[in-house]
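Dear colleague,

My notes on what was found in it follow directly after.

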Amino acid sequence: MDDERPDPIRTFAERLRALQVESGGPSVRELVRLTEKAGTPYTRGTIHDKLAGRSAAPWEFVAAFVRACAVHRGESGPPDLSRWRAWHATMEQELAAVRTRRRPARTDVCPYRGLETFTAEHAAWFHGRAAAVREVLSALAVHRRGLLLLGPSGSGKSSLIQAGVLPALARGALPGSDRWRTVVVRPGKDLTAEVARAGLEEIPAGTRVLLVIDQFEELLTESGSEPPELGEPGLTVVVVMRDDFYPRLAAHAPDLLRALTPGLVNVPAGLSADDLRDIVVKPAAAVGLELQEGLAERIVTDLLPAGSAAAPVTVLPLLELTLHQLWHRREQGRLTHAAYQRIGGVTGAVTSWCDTAVDELTGERRLVAQRLLTALVRPADTRHDVPAVRQQVALPDLRALAGPGADEVLAVLTERRIVTTRTTGAPATPVAELVHEALIRDWATLRDWVEQDHRFQDWLRRAGDREHRWSQRRQPADLLLGTDLAEALTWSSRRHLPDRLDGFVTASHRHDQAARRRTRRVIAVLAGLLATALIATGVAGWQRRTAVEAGRTALSRQLAAQSGAQLSSDPDTAGTLAVRAYRESPTAEAAAAVHAAAALPLRRRLTGHTAPVYAVAVDPAGRLLATGGDDRTVRLWDLATGALRATLTGHDAPVQTLGFSPDGHMVATGGVNGRIRLYDIPSGRAGRTWTDPSLAVTALAFSPDGRTVATGGGDRNVRLWDPVTGRLRASRAVGGDITTVAISPDGRTLAVGGLPGLAELWTGAVRRKLAGQPGDVTSAGFSPDGRTVATAGTDSKVRLWDTGTGRLRSTLAGNTNAVLGVVFGPDGGTLATAGGDGLARVFDAATGRIRTTLTGHSGSVTTVAFTPDGRTLATGSTDHTARLWDVSTGQVRATLTGRTGEGTTVAFSPDGRLLATGSRDGSARLWDSATGRVRRRLTGHTGAVREAAFSPDGRTLATGSLDGTVRLWDVGSGRTLTTLGTPGEEIFALAYSPDGRTVATGIRGRPIRLYDVSTGQVRQVLDSEFVYALAFSPDGTMLAEGHGDNTWRVWDTSSGRVVSAGTGRFVYTVAFSPDGRTLATAGDDHTVRLWDAPTGRARATLTGHTEAVYDLDFSEDGATLVSGGEDGTVRLWDVAAGQQRSMLPGRTESVDSVALSPDGRTLAAGDTEDLNTVRLWDVAPPLTMDAAVAHICATTQSC
């Protein structure tokens, strides 16, 4: 598109925005309703898009938009569309006429840098940053001593300097700057050495020198490094640094910061649409590339946030990588929409590029890649507010950390420009590093790997610092001691370590053993000293009681904060810290931490195995769990208590697979030496034993009738055995080595999976290959009805196949590493996976969405199994443990869908047995909350039902509609008792008084009216307009309203006066706590706020939602607050602590209404946008504090 001409789309969008303002400024939310009323409904996203000029508005949208604005202005007749037709036709003509002139493309040159830095040689392709370049040059003109350039990671700071500022200086942008000598260095581990290596000292005296120290944050992450000093005549220093390291610079180099502060320049935070278009279009024009019509606008639209005219500058790496991939997929010198679609657009570019490289690696090589890449990331240090950054690692250390095969993997990653290698320092040392910080932020796989490995990497960093000090001074105090040494010995047994660190751990271990021997000789003396100290403490204790209590409170809060930080990554530690915090001092923060840890799905942690656990199975009665693994034992556990029932020994090789007989009387095991063993469960005695010719049994399954055991191994044969006699019944050759076998519920079909890419179904003698299964298959399982078989493998995907035809039905994505186990839940609607990334996931089998991700194992999850009731999931892991997870709470129990869409409002009856919903078609429905069935459909309204509320006795239901009326319904019969209001008005809010005598209504553009239910007459009028929400206090003396003018008010219902008021942004919802002391409000500012209702004093702000919050509801005890909003999430908050307790999965669209049942066990949520459904969740009420602590202690076995 010709950049010199005005953009027709943006010009037309300006006309639309001008009409919006002229019509009284209806919000986008109101325009959704108005376009629906005008007969052509549009979603919030579409309206945002057209008003921002991100894409051309079709005529149908324009007509609906103009009619909606006319309605908002109060016009009675249809608007004149003729001038809008003319403007729209002009826009289409201009779009058709605009073409960009191109010269023949240079196919050998890519003008886009991907994740690499633009340097001076790429200046001709560096566009869209003119304003930022001017800011830096202006600062240099004034501050010749030094400059501090700050910007977030991924904001293009290095490119800005090297391809923008330095070429401009070379062209004489500042007086005499064309004669300046410029030196660009990175500090690495030794800034002095890097400066010397750059030749700064060889520059003749009297020459003005511009020293650029790029990526200065590297200096602040290295212990012992010294910052530079300013003051050399003729030297200008430009320090380029990530802005999130500013506090660390202030703490570690305050003098340098003071010197640089006058020349502080922040990289502009946003990129306008024109900037983005220049970045896309101008480099292409420079080499003669053509962009398919509309592609530049599509990319820019994808980058701009909804409702914003600028994109964050941190999109630059994503954009450059996207353009780089588009260039590689160019067609005859043209960048196309089809290629853009294939790479997943802007958001999928990093994932597509990097995942493709990693997917080339299979098996052990993928694990090597994971260890190699995580070693190149310095994990976030939350205690010191240091975020995760890339780090240089010496190649010998990197090879040791990654393990065998590191060079092969490094070659793949360097070829794909994910990792770069170079030589640095003195003496010269070869190092590797990630090509850009954006990989840490935007590549989901790497983020997950770093999160999984952060405990090891954090220990590695700390141990490396200790080793460095020890190697310098050789002082015993620098060796590892106590828990540090125990942790080091654990890691050294699990992971490869660099030689220097391995020697350090060995030296520490030897020193510790010698110290233990000395300790035993002085125990008696220490005991005497301790007794004396205790007596002294008792005497002086009363003087320090207040100080100690304050210290315990502070420690409790600190421990609670640490618990919260580790809740998602290390739940065991988080639970232990929460209990410690509460026992130290029962602060509100500690109580919230305990509740959060207790709400995690982990039910039991089963320890006892001394090696990785590779097999788990649940008996048909759901009472026993069998686990087996590399320690050559099988253990039987009581599922209810987690107690060990029996240990089955006699195996002379690791146990790879096991299974219960259908009657639960036997368990069969298979070992890597080919031995198959049967055990009698009641007695625990070993039964028949025989040997499989494959000499390595990796898969085993009982037939449903218990008369056959199928086994498979490494000789490409599946065998069927008689478990009573141990005789071979049949043998069938398959197309690869077998890793998994499964038998369908009817016993007719056998599924076999393995490597390379083995996936077959056998029905009798008929063999059917599952075409399209890439990579090795690690696990397979049938659905309960036998119609579907799931396969999982090394490509991180789960595939669902039709058992009868062998056709692929769907593919489930979401795992970030090899899937090592897969199993259907007993209802067939859920499916669980065991991940090599250390996570177990529960999927919705129908939609493919992840319902729950289970975090806690510190090694790969190798196997999964459901209990017969589907409420518990068992997992086994290479961390030597098995775990039991509660997967029943927080799950969608039922989805309520009417023929024309439910979801505008939800309300529970006082006894919790009924749920009322409103619909767009003007009807309301009463549902049985236990069964999810419709009890009664209430018709009579002529407009959408927006509000519903039960009377306190549950006998009457009030509904408010956009037809301007409120109807009171007899719940028992479903007939209309009375109709309140004025037809033609629009009911936006409705509330029933606690005594059941009054109904309050909020009407668009009208005052609040309070109706007498018995007479139907208006009892009271409160002067307020544009009311979005109403709520009575529990005693009925106060009425709260949420207002469209960004305020909320509390009215005295007796006097009609305002008691208290506060501000918010489009306050969409209000709710009183059960004691009436707290008012909760929420709206367009993405927060939930708690206020003292009588005084209006702010109590707390609850953050977490990322979009507007539309509805709130308190639990009956007031301890929990539920919120739902446009971000599609339902969140439960701990009111006392002001912290989020949990977030319910299962939705992706806006949640407009929420309601918690009176017993707190069921939560209903509905929407009006796309799903048109109401969903019911099972939610567990919070435990008492004692019960929560007991649960955590039983789960973690650590307190």
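His-880 is partly exposed, with a relative accessible area of 27%, where partly exposed covers the range between buried (under 20% relative accessible area) and exposed (over 50%), computed with a 1.4 Å probe and protein chains only. His-880 sits in the loop between β41 (872–877) and β42 (882–886), and although His-880 is not a glycine, its phi is positive, at about 80°. Strands here are DSSP runs of E with at least two residues, and helices are runs of H or I with at least four, both numbered from the N terminus.

Please bear in mind that this is a predicted model, in which local features need pLDDT of at least 70 and side-chain atom pairs count only at pLDDT 80 or more, while totals for chains, interfaces and linings use all residues. Residues are numbered from 1 along each chain as its sequence is written, and side-chain values use heavy atoms, with hydrogens and water left out.

Arg-474 is another residue other than glycine with a positive phi, near 55°, and its place is the loop between α21 (444–473) and α22 (482–494). Arg-474 counts as exposed, at 53% relative accessibility.

Asp-963 is buried but has no salt bridge, the nearest side chain of opposite charge being Arg-967 at 5.2 Å; a salt bridge requires a side-chain nitrogen of Lys or Arg within 4 Å of a carboxyl oxygen of Asp or Glu, and for charge Lys and Arg count as positive and Asp and Glu as negative, with His and the chain ends not counted. The side chain of Asp-963 does make polar contacts with the side chains of Thr-965, at 2.8 Å, and His-941, at 3.2 Å. A polar contact is a pair of N or O atoms within 3.5 Å, of which, within protein, one must be able to donate a hydrogen and the other to accept it, and residues adjacent in sequence count only if both atoms are side-chain atoms.

Turning to aromatic residues, the whole structure holds 13 aromatic pairs, a pair being rings of Phe, Tyr or Trp (its six-membered ring) with centres within 6.5 Å, called stacked when the planes are under 30 degrees apart, edge-to-face when over 60 and tilted otherwise. One of them is the edge-to-face pair of Phe-12 and Trp-84, with 5.9 Å between centres and 85° between planes. Because Phe-12 lies in helix α1 (residues 8–22) and Trp-84 in helix α5 (residues 82–97), this pair ties together parts 72 residues apart in sequence.
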